[in-house]
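User: Hi! I am new to protein structures and would like to learn how to read one. Could you walk me through it step by step?

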Amino acid sequence: MKMEVRTLTETKALLVVSEASPAIMNSLRQTLIADIPKMAIEEVEFHLGPIRDQDGKEYESISPLFDEILSHRLGQVPIPTDLDFFSFQDDCECEGEGCPKCSIMYTLNKKGPCTVYSGDLEPVGDSSLKITDDLIPLVKLSEGQAPLIYATAVLGTGRTHSKWQVCHGVGFKYYPTIKINKKKCDLSGVCVKRCPRDVFTMDDKKTEVADPEACTLCMTCVDECETKAVTVETDDTKFIMTFETDGSISAKRALQYALDLLDSKANEFRDGVSSLG
Ligand SMILES: [Zn+2]
């Protein structure tokens, strides 16, 4: 399997994968969706009753949203996750008690009127665990409202709940090979006009394939060309894959993790088969 990186930003990736098969690509797609771990808020504790600030002003620890709705919103906040540091709570040396290796505690205490954002979550201890995507609105507080919240994040995967899903918009398509038969082409420009992805360009003398990787294999060019000059072919060993992450983990790290995981699962399977004798 060969992989060429076309685009790789902190959260987005576009890859051309060759010498693969639809089965391998689908395994990679499913691994990216369901098996990359990340930290997400799992437990939320709401303080009940009045809160007094330094000036003696009294607030009530409430918000306009039901506690469970606010908890749900907190669960979706992307938390920066170092996969080399954190471990699953069940596998941690603290035996599930909760420690800095398997959990992060955040506090939230904003006083209304204001809008509470994800960046208002304050990590207890290590300030590097501050939420980087800090402008996600969580709740709008009115005068006198100041919810005091303790939230604990733990490691999980998208297989359990989508709040632990790192990669989104994961998809792949067959790599298109688009050809224009110059002898048949009558320069009608139909392919240029009808292609929804601007794959073709044309001048007075010729029509050309400018951006084949943008093709979605809709075949409009093939169907609409009256002289049948355009052909679009695919093979099932070369693919274009795209995905993005929610920002908790970089696209590069998510891909590395997925490939390592597939490798170890394949080895485990092979060892299991060999042990059958
Ligand atoms: Zn622990």
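Predicted model: local features only at pLDDT ≥ 70, side-chain atom pairs only at ≥ 80, totals over all residues.

## Reading the structure together

User: Thanks! Which residue does E224 meet in a salt bridge?

Analyst: The general idea is that side chains of opposite charge can pair when their charged atoms come close. Here the side chain of E224 meets that of R194, at 2.2 Å from N to O. R194 is partly exposed, with a relative accessible area of 47%.

User: How many salt bridges does a search of the whole structure find?

Analyst: It finds 14 salt bridges. One of them joins the side chains of D35 and R159, at 2.8 Å from N to O. D35 sits in the loop between α1 (22-34) and β3 (38-46), while R159 sits in the loop between β10 (148-156) and β11 (167-180), so the pair ties together parts 124 residues apart in sequence.

User: Is D35 buried or exposed? And what about R159: buried or exposed?

Analyst: Relative accessible area is what we read here, with buried meaning under 20% and exposed over 50%. D35 has 10% relative accessibility, so it counts as buried. R159 has a relative accessible area of 56%, so it is exposed.

User: Which side chain meets K163 in a salt bridge?

Analyst: That is E42, at 2.7 Å from N to O. K163 is in the loop between β10 and β11 and E42 is in strand β3, so this pair ties together parts that are 121 residues apart in sequence. K163 counts as buried at 12% relative accessibility, whereas E42 is partly exposed with a relative accessible area of 43%. K163 has another feature to look at: its charged end sits over the ring of W164, 4.7 Å from the ring centre.

User: Where else does a charged residue lie over a ring face?

Analyst: Look at K101, which lies over the face of F85 at 4.8 Å from the ring centre.

User: Since we have reached rings, how many aromatic pairs does the structure hold?

Analyst: It holds three aromatic pairs. When reading a pair, look at the distance between the ring centres and the angle between the planes; an angle over 60 degrees counts as edge-to-face. F85 and F86 form an edge-to-face pair, with 5.1 Å centre to centre and 80° between the planes. F85 is partly exposed, with a relative accessible area of 36%, and F86 is buried at 8%.

User: How far apart are the ring centres of F172 and F239?

Analyst: Their centres are 5.7 Å apart and their planes are at 85°, so this pair is edge-to-face. The pair links distant parts of the chain, 67 residues apart: F172 is in strand β11 and F239 is in strand β14 (residues 230-245). F239 is buried, with a relative accessible area of 0%, while F172 is partly exposed at 28%. Ring pairs also bring in Y174, linking F172, Y174 and F239 into a cluster.

User: Which residues make a nonpolar surface patch?

Analyst: M105, V124 and Y150 make a patch of about 250 Å². To find V124, look in the loop between β8 (122-123) and β9 (137-141).

User: What should I look for in the backbone?

Analyst: The bond from G112 to P113 is cis, with omega near 0°, and P113 is in the loop between β6 (103-109) and β7 (114-117). E95 has a positive phi near 55° although it is a residue other than glycine. E95 is in the loop between α2 (67-75) and β6, and is exposed, with a relative accessible area of 71%. L217, also not a glycine, has a positive phi of about 60°.

User: Last one: how is the protein divided into domains?

Analyst: Domain 1 covers 2-35 + 168-243, and domain 2 covers 38-161. Taken over C-alpha atoms, the centres of domain 1 and domain 2 are 43 Å apart.

Key:
Residues numbered from 1 in each chain as written. Heavy atoms only, no water. Patch = residues over 30% accessible without salt bridge, like charges linked within 9 Å, V, L, I, M, F, W, Y side chains within 5 Å. Areas by Shrake-Rupley, 256 points an atom, 1.4 Å probe, with all protein chains shown as cover. Salt bridge = Lys/Arg side-chain N within 4 Å of Asp/Glu carboxyl O. Helix = DSSP H or I, 4+ residues; strand = E, 2+ residues; numbered from the N terminus. Buried < 20%, exposed > 50% of the residue type's maximum accessible area, 1.4 Å probe, protein only. Phe/Tyr/Trp six-rings, centres within 6.5 Å; stacked < 30°, edge-to-face > 60°. Lys NZ or Arg CZ within 6 Å of the ring centre and 35° of its normal. Domains from an automatic or database assignment.
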